[in-house]
Every structure is written in structure tokens, then in C-alpha cells.
There are 2 protein chains.
Amino acid sequence: MSKLKFSISMSLDGFVAGPRQSREEPLGEGGESLHEWAFVTRSFHQMQGKEGGETGVDDEQAMAWSENTGATIMGRNMFGPIRGPWGDEQWKGWWGDDPPYHTPVFVLTHHAREPVEMQGGTTFNFVTDGIEAALEQASDAAGDGEISIGGGASTVQQYLRARLVDEFRVHVVPLLLGGGERLFEHLDGATADYECVESVASPTVTHYAFVRTRSG
Amino acid sequence: MSKLKFSISMSLDGFVAGPRQSREEPLGEGGESLHEWAFVTRSFHQMQGKEGGETGVDDEQAMAWSENTGATIMGRNMFGPIRGPWGDEQWKGWWGDDPPYHTPVFVLTHHAREPVEMQGGTTFNFVTDGIEAALEQASDAAGDGEISIGGGASTVQQYLRARLVDEFRVHVVPLLLGGGERLFEHLDGATADYECVESVASPTVTHYAFVRTRSG
């Protein structure tokens with residue numbers, strides 16, 4: 001099985017998305033600010049086919065986000081705002097024509113749907129038979145690469161609770177969102193299996209890397 | 001009124017005390033590790049009348065904890081494990097003969113008790129008429145000094161919710177305690193009034209300073 005990882009930005013008060021998520025603000029109020037540190041890096045610019053961007057600590061972390069990633073798994077809300085059946089199926093996700101994943105993406109959902117091929121190597125596949133099935137399909141698709149959980153919090157929590165995550169990075173931004181999706185809850189003791197192996201700070205964000213040091 | 005502040009160590013998953021607090025482990029399982037960064041500093045050594053200790057970023061933060069502090073407010077559980085009436089009143093707190101406060105301390109409780117004078121300038125006073133009364137008494141006692149909320153989480157939250165806190169520091173340690181007392185919850189939007197004005201990292205802890213930038 002390919003290595004399973006995630007890399008996620010979190011506010012100092014523990015949220016990976018802000019309160020009152022909506023079609024206009026899919027990351028909730030203030031949620032987009034959690035990713036500002038990444039948006040300004042050279043890696044992120046390159047990922048969008050743009051010149052420039054900052055180098056340094058944050059850039060290295062942004063690079064690590066996509067490095068060696070052969071497949072991505074995400075919750076349905078990370079794909080789009082539609083709930084229940086897909087309807088006319090025209091919605092192709094929050095991410096525009098050329099999503100930043102550039103890998104096969106496996107979207108967890110209760111509603112079957114044909115795969116949606118986007119530009120730049122991203123194909124959205126819809127998995128209706130649970131997180132372990134998604135992991136198997138992602139592992140087949142990833143080849144020698146790793147599998148990244150794209151989010152959101154509840155998807156990350158499901159994989160942590162199932163003791164399936166090998167390593168993760170948390171990028172803490174000194175914002176207080178006051179509400180939203182909390183990362184570290186509903187974990188059933190899963191985090192006891194991990195140890196921080198690296199912490200590195202830039203003026204705007206502190207990056208932590210955790211690896212699994214024992215099996216749950 | 002004197003300035004009201006707090007300075008608190010928090011795990012990366014948001015807890016200021018670990019799970020399963022007991023008389024043997026008043027900070028809960030893993031809770032004491034949150035303070036390791038402070039214990040090794042020169043300031044902390046001095047506070048205990050000892051030689052040595054480390055200097056640098058963490059030492060400056062440990063120094064700021066007690067600097068200009070003229071009075072301290074704490075919740076009853078920070079004083080000791082006794083619940084309900086005080087009984088024979090022999091329990092003089094977790095903190096030993098010479099508690100690290102060296103100021104008048106105002107303990108929030110529902111049960112009246114005569115003040116308890118300790119060595120080194122710490123006197124425990126017991127306040128039964130609420131957080132605002134405690135703040136007034138602490139302010140009288142503090143003189144030109146500031147008032148520090150010693151904890152725990154629920155006392156800090158009460159003062160934040162009442163919009164009475166002027167500034168605070170959070171020291172984030174890359175541990176995952178998995179449970180315990182969470183700092184940033186039950187805050188009723190209070191944190192929206194604060195802005196991070198400083199973040200500085202050592203290899204073991206990242207220190208954040210927040211100040212109130214608007215009145216709630």
C-alpha cells in the first residue's frame with residue numbers, strides 16, 4: 001500500500017476551515033487566510049504555471065505538499081457544495097479547469113458518478129464504498145507515489161481514527177478564527193501513535209511534521 | 001483597572017492540561033510536558049532560587065510570564081483538588097510552601113475561606129462573588145502591576161467571554177495530548193477582538209503574543 005499522508009493549514013485556535021462555510025466562501029470566514037503563506041511561495045506559483053513567488057522555509061513546505069504525491073483522497077465537501085444526488089452533474093468542483101492536484105483524485109461520496117477528467121492530470125473519481133476502498137483505489141492509481149488526503153477535517157479524522165495515516169504536516173497560522181472545522185477532535189486516541197519529528201518557523205507560519213512511531 | 005493578561009502553554013492539538021487529571025497528575029496525562037520548555041530556563045531556575053538554566057528566546061518568554069505581575073487570579077482547580085466545602089482547610093494548594101506566584105493570588109471559589117499566607121510573597125485569597133469581583137480585588141492588590149490569570153482553561157475562558165482580557169501569550173508545544181482541557185472553545189466570539197503581534201520560535205516551542213485591537 002502506498003504511504004498515506006496529509007498536509008493541512010490550521011489556525012492557532014485549531015480550525016482548518018472558518019465558520020459559516022458557503023458557496024462564496026467554501027473555506028468559511030477567514031479560512032482562505034490560512035493558506036496565504038502557501039499562495040505567495042514559488043512552488044504554488046509554479047503549480048499554477050506562473051513566474052515568481054517567494055523561496056525559503058515556506059516554499060519548501062509548499063513543495064512537500066505535492067512532492068511524490070501520486071493520488072489524492074478528499075471528502076465530498078472539498079469537491080463542491082452539492083449535497084445529496086448529483087443532479088445534472090455539471091458541477092465540476094471548486095477547483096477550476098486545472099485543479100492544483102495534478103493526480104487522480106478520489107472523492108468520498110454516497111452518490112455514484114462517472115469520473116470527471118480535468119486539465120493538468122487531475123481526474124475526479126467518485127468512491128461510494130468507504131474510506132478503505134478509496135485508499136485501495138488511490139494506492140493502485142498512485143503507483144510508486146504517495147497518497148495525500150486533501151481534506152477536510154472530517155475526512156482526515158476518519159483516516160486517523162482508522163489508524164491508516166503514516167505521516168502528516170500541520171502548518172499553524174497565528175489567526176483565531178473563533179469557529180469552523182476543528183482538526184484535532186473526534187480522534188479516539190489516534191494521535192498518541194505520532195511523534196513530532198520536525199518543527200520549523202517562518203515569520204508567518206510554523207510547520208510541524210509528524211510520523212507514526214507505533215501502530216495503534 | 002490594572003492590565004489583565006494570561007500566558008499559557010498549549011499542545012498542538014489545543015489542550016492546556018491533559019486527560020484524566022488526578023491528585024497525582026494535576027495537569028493530566030502529558031500535561032506537565034507542556035511546561036518543560038519553561039522549566040529549563042534561567043528565569044524559572046531563579047524563581048526557585050536556583051543557579052543555572054538556559055537563556056535565549058524561551059527564557060525571555062518565561063521572564064515575561066511574571067514580569068510586572070502584581071496579582072494573580074486562578075480557578076479553584078489550579079489551587080487544589082478539593083471540591084465542595086473546604087473541610088479541615090489544611091490543604092494549602094498544589095504549589096508547595098513557596099509557590100511560584102510571589103504575588104497576592106485570588107482563587108475563584110463558591111466556598112469562603114480565610115486567606116492563606118505562603119512563603120515568598122504568595123497569599124491565597126478566596127473570592128466567592130465572581131470573576132469581576134476577583135478582578136477588582138486583584139486590581140487593588142496589584143498597584144501599578146498587571147494582573148495575570150493563572151488558569152485553568154475555564155477561568156481564562158470566563159474572562160475572555162466577559163471581554164476583560166487585554167493581552168495574552170500562547171506557547172505552542174508540538175505534543176498531541178489527545179484530550180484534556182481545551183483552551184480555544186466556549187469563547188462566544190471573543191477572540192475576534194485580538195491580533196497576533198509577535199510570534200517567535202525556539203526548537204521546542206513557538207510563542208505567540210496577542211493584544212486586544214478592538215473592544216467587543
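Residues are numbered from 1 along each chain as its sequence is written, while chains are lettered from A and ligands numbered from 1 in the order in which they are written. Because the model is predicted, local features need pLDDT of at least 70 and side-chain atom pairs count only at pLDDT 80 or more, whereas totals for chains, interfaces and linings use all residues.

In chain B, nine strands form an open sheet with mixed pairing, in the order β5-β6-β4-β3-β7-β1-β8-β11-β10. Its edges are formed by β5 (116–117) and β10 (194–201) of chain B, each of which pairs on one side only. Helices (H or I, at least four residues) and strands (E, at least two) are taken as DSSP runs numbered from the N terminus, and two strands are said to pair if DSSP finds at least two bridges between them. Within the sheet, β8 (residues 167–173) and β11 (residues 206–212) of chain B are antiparallel and are paired over six bridges; in this pairing B:R169 stands opposite B:A209 of β11(B).

Two helices of chain B are placed against strands of the sheet. Helix α5 (residues 131–142) of chain B lies across β1 (4–11), β3 (69–75), β4 (104–108), β6 (123–127) and β7 (146–151) of chain B, and runs at about 160° to β3(B). Helix α6 (residues 153–161) of chain B also packs on the sheet, where it touches β1, β3, β4 and β7 of chain B, with a direction that makes about 135° with that of β7(B). For these angles, axes are lines fitted to C-alpha atoms, for helices over the stretch in contact, and the angles run from 0 to 180 degrees between N-to-C directions; residues are in contact if their C-beta atoms, placed from the backbone, lie within 7 Å.

Helix α3 (residues 57–66) of chain B contains the buried residues B:D58, B:D59, B:Q61, B:A62 and B:W65. They lie on the same side of α3(B), because they cover an arc of only 160° around the axis, the arc being that of the directions from the helix axis to the C-beta atoms. A residue is termed buried if 20 or more other C-beta atoms lie within 10 Å of its own, exposed if 12 or fewer, and partly exposed in between, with C-beta atoms placed from the backbone. The buried residues of α3(B) pack against β1, α1 (36–39), α2 (42–47), β8 and β11 of chain B. After α3(B) comes B:N68, whose phi is positive, near 60°.

In chain B, B:H102 is a residue other than glycine with a positive phi, near 55°, and lies in the loop between α4 (76–79) and β4 of chain B. Cis peptide bonds join A:G151 to A:G152, with omega about -10°, and B:G151 to B:G152, with omega about -5°. A:G152 is found in the loop between β7 (146–151) and α6 (153–161) of chain A, and B:G152 lies in the loop between β7 and α6 of chain B.

B:L164, in the loop between α6 and β8 of chain B, counts as partly exposed, with 18 C-beta neighbours inside 10 Å. When residues up to four places away in sequence are not counted, B:L164 touches B:L4, B:L135 and B:Y159.

Between the chains, 19 residues of chain A are in contact with 19 residues of chain B. On the side of chain A that touches chain B, β8 (167–173), β10 (194–201) and β11 (206–212) of chain A each supply at least two residues, and β10(A) gives the most, with four residues. The residues of this side divide into 12 nonpolar, six polar and one charged, where Ala, Val, Leu, Ile, Met, Phe, Trp, Tyr, Cys and Pro count as nonpolar, Asp, Glu, Lys and Arg as charged, and the others, Gly among them, as polar. Chain A is superposed on chain B by a rotation of 180° with 0.0 Å of shift along its axis (RMSD 0.0 Å), which is the relation of a two-fold axis; the superposition is by least squares on the C-alpha atoms of residues with pLDDT of at least 70 in both copies. The copies meet through the same surface, because 100% of the interface residues of chain A are also interface residues in chain B.
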